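Please look over the structure below before reading on.

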Amino acid sequence: MSCLFCKIVAGSIPSTAVYQDDLCYAFADIHPRAPVHVLVAPRGHIASLSDADDGHRPLLGHLLWAAAEVARVKGLAKGYRVVINNGDEGGQTVDHIHLHVLGGRPMTWPPG
Ligand code: AMP
Ligand code: ZN
């Protein structure tokens, strides 16, 4: 198993858990870009949003729900941003699909 986030999900690389269930694991980003920066990753490996197939549709919905649950757990009542970077030009650096939950400060638009 060479995937970084598969190792984090399996617990062989340490992380700070924020939320977890049978389908996903949410943990603190190691280089936070906001006061709250949490990553939500499925337990099973999917390389990117582009690689998700028809059978992943319920899981994708669950990941979005989990992002909202992370925001509730972290007290982001004033608002937050959920981001998926996809592919090279999308800024994806880890090839295991994940949602960024960013909050705790005002966000700017458009993102860089
Ligand atoms: P992306 O660039 O969208 O693929 O996001 C990858 C994210 O993973 C970045 O925000 C990194 O800071 C984060 N990251 C990389 N290694 C780790 C790690 N060991 N634990 C937690 N977050 C990590
Ligand atoms: Zn993986």
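**Notes on the model**

1. Surface. The protein exposes about 6700 Å², and carbon and sulfur atoms supply 55% of that area. Areas come from the Shrake-Rupley method with a 1.4 Å probe, and for residues only the protein chains shown count as cover.

2. Ground rules. This is a predicted model, in which local features need pLDDT of at least 70 and side-chain atom pairs count only at pLDDT 80 or more, while totals for chains, interfaces and linings use all residues. Residues are numbered from 1 along each chain as its sequence is written, chains are lettered from A and ligands numbered from 1 in the order in which they are written, and side-chain values use heavy atoms, with hydrogens and water left out.

3. Fold. The protein has 2 helices and 5 strands. Along the sequence their pattern is α-β-β-β-α-β-β. Both kinds of element are DSSP runs numbered from the N terminus: helices are H or I with at least four residues, strands are E with at least two.

4. Overall size. The C-alpha trace spans about 35 × 30 × 25 Å along its principal axes. The radius of gyration is 13 Å, which agrees with the value near 13 Å for a compact globule of 112 residues. That radius is taken over C-alpha atoms, and the globule rule is 2.2 Å times the number of residues to the power 0.38.

5. Burial and contacts. Of the 112 residues, 39% are buried. Buried means under 20% relative accessible area, exposed means over 50%, and partly exposed is in between (1.4 Å probe, protein chains only). Among contacts between residues at least 6 apart in sequence, 54% join residues at least 24 apart. A contact here means heavy atoms within 4.5 Å.

6. Aromatic pairs. How many aromatic pairs does the count come to? The count is 3. Rings of Phe, Tyr and Trp (its six-membered ring) pair if their centres lie within 6.5 Å; planes under 30 degrees apart are stacked, over 60 edge-to-face, and the rest tilted. One of the pairs is Tyr19 with Trp65, edge-to-face, at 5.9 Å centre to centre and 70° between the planes. Tyr19 lies in strand S1 (residues 17-20) and Trp65 in helix H2 (residues 57-73), so the pair ties together parts that are 46 residues apart in sequence. Tyr19 is buried, at 16% relative accessible area. Trp65 is partly exposed, at 40%.

7. A stacked pair. Tyr25 and Phe27 stack at 5.5 Å centre to centre, with 15° between the planes. Tyr25 is buried at 8% relative accessibility, and Phe27 is buried at 3%. Ring pairs link Phe5, Tyr25 and Phe27 into a cluster.

8. More on Tyr19. Neighbours within four places in sequence aside, Tyr19 is in contact with Cys24, Tyr25, Ala26, Trp65, Ala66, Glu69 and Val70. Its C-alpha atom is separated by 9.5 Å from that of Val38, 19 residues apart along the chain.

9. Ser50. Is Ser50 buried or exposed? Ser50 counts as exposed, at 55% relative accessibility. Ser50 sits in the loop between strand S3 (36-42) and H2. From Asp22, Ser50 is 28 residues apart in sequence and 23 Å apart in space, C-alpha to C-alpha.
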